[in-house]
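Subject: Model for you to look at

Hi,

Here is the model I promised to pass on. Have a look at it first, then read my notes below.

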Amino acid sequence: MAAQGAKLTQGGVAPGKSANQSQAAFLGPQGHSSKVSAKGPSRPDPSRTDVFQRGPDGKLRPVPGWRTTDPFDFDVWSRNIDWPGVGSDLANIALGALTFMEGGAFVGGIIDGLGYKIGPDVVRGIIHGHHTWPKFMGGPGKQDLARVYESLHRMFHDELAAALKQAGFPRIGGRGGSTEDWADFFAKNAGKRDEAVAILQRVTREFDRKNGTRISKYLDDTLAKGQANGSIPPQ
Amino acid sequence: MNPSDRSARRWFWYASQTADCVPLDSNAYASTTFDGEVIPFPDWACKAPDGGVHMNAELLRIDVSVAAPPNSRDEINWTCQYSVRLIAHSWLDQIRDLVDEKRIGIGAIYFNGDAIDGWSTLHERQPPSLLATEGHAKVCPLCGDSYTVLHGREYFSDPTVIGRPFILNRNGLFVREDIALSRNLRTPRGVFEPWVVEYEPHPA
């Protein structure tokens, strides 16, 4: 049977979930451990939707029109998989996801390594490259990006926006919050750029503590480079 | 037009979206130190007592010298220092008849000493501020430059805006909605899709 039955769902690791916690995704509905194997959980779903199809080369590819296969949302995802058909390959993806979470491997490489030619858009749907020193704050366009799950990425920016708003800074993005607005704000308010960076560092550290991410490391490196090349004055 | 008409109190707000700003030519200007950096300090700039730098709001026309011409992609741009508004004639010509030159100056952009064809600066003297329900404003005591941090819903509260066909302030360009619709004004490149802002008198 061709690969059928994996229903794609949006979403990522729940906020605050650590790599270990995410292994709960491998527990069955009764909470019993059902370790991922080539067969996978025996829970075929009659409402399953085809999302993979086998190409002429015999490799599995997503059915056109589906945007994301989020391996991190395995507990939702796995319920709709026709395991006898695709169990082995999909289980490998799930294990790959864990490998990424624990070891930091790039999920795109994992997926490609399995022969799934999932495009970069899909990969971006899973892992976001995060500019730790935002460009609107004067951060460089080219910087080492921290890899963050989409859901956490969104949450981080919400928290940063709230902290900046509370301190009297402009919006982030959109009308009134564009790069121009921020440049104008910094020009008219001496010392505010340093204050914004200090808030950014504080929010980032608190976020890392709460969510087990390591964004601060990238931010500190990027800020150090900025100070070295003079794009930000030393504090 | 009747000031009580609803259409006299609504504008399309064209706010700059591009981050690809145009640097001023530092060789053409005096300099000053701001936040530990040396920046150009043109004669059309003002430095507030708290150290903030901005365009002198009392001026009408502002000419600028730039270190590089604006990109050809965007029709509305800004200078990286002081956020002087730069407009391509391809779009300015569509609204030029709305520009009240007693309030708004049309200036030149110089690159290597030559005026750049097809581009102008726009600057309104003492423009009305765009306010916001959760924002806060700051006014320079020297030149009257007003700066608003926008959060919440934006609006104008200065009654002099009623009926005006075109307003220009640091937040962007504002074209009266009925005029923009009647002439099917297209959105210039480099700005957000327009957003309607209205006049709302301050509560008594």
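Predicted model: local features only at pLDDT ≥ 70, side-chain atom pairs only at ≥ 80, totals over all residues.

Residues are numbered from 1 along each chain as its sequence is written, with chains lettered from A and ligands numbered from 1 in the order in which they are written.

**Chain B overall**

Chain B carries 2 helices and 19 strands (DSSP runs numbered from the N terminus: H or I of at least four residues for helices, E of at least two for strands). Its C-alpha trace spans about 50 × 40 × 30 Å along the principal axes. The radius of gyration is 17 Å, which agrees with the value near 17 Å for a compact globule of 204 residues (taken over C-alpha atoms; the rule is 2.2 Å times the number of residues to the power 0.38). Of the 204 residues, 42% count as buried, meaning that 20 or more other C-beta atoms, placed from the backbone, lie within 10 Å of the residue's own. Among contacts with a separation of 6 or more, 65% are between residues 24 or more positions apart (a contact being C-beta atoms, placed from the backbone, within 7 Å).

**An open sheet**

In chain B, 4 strands make an open antiparallel sheet, ordered E7-E8-E12-E9 (strands pair if DSSP finds at least two bridges between them). Strand E7 (76–78) and strand E9 (104–107) of chain B are the edges, each pairing on one side only. Within the sheet, E8 (residues 85–88) and E12 (residues 119–124) of chain B are antiparallel over 4 bridges, and B:Ala88 has B:Trp119 as its bridge partner in E12(B).

**The E14/E15 hairpin and the contact**

E14(B) and E15(B) also run antiparallel, joined by 4 bridges; B:Ala137 is partnered by B:Thr148 in E15(B). The hairpin has 6 residues between the strands, and B:Gly144 takes a positive phi near 85 degrees there.

Which chain B strands each supply at least two residues of the side that touches chain A? The contact takes 29 residues from chain B and 21 residues from chain A. Strand E5 (53–55), strand E14 (136–139) and strand E15 (146–149) of chain B each supply at least two residues of that chain B side.

Enjoy!

How values were computed: Contact = placed C-beta atoms within 7 Å. Buried ≥ 20, exposed ≤ 12 C-beta atoms within 10 Å, placed from the backbone.
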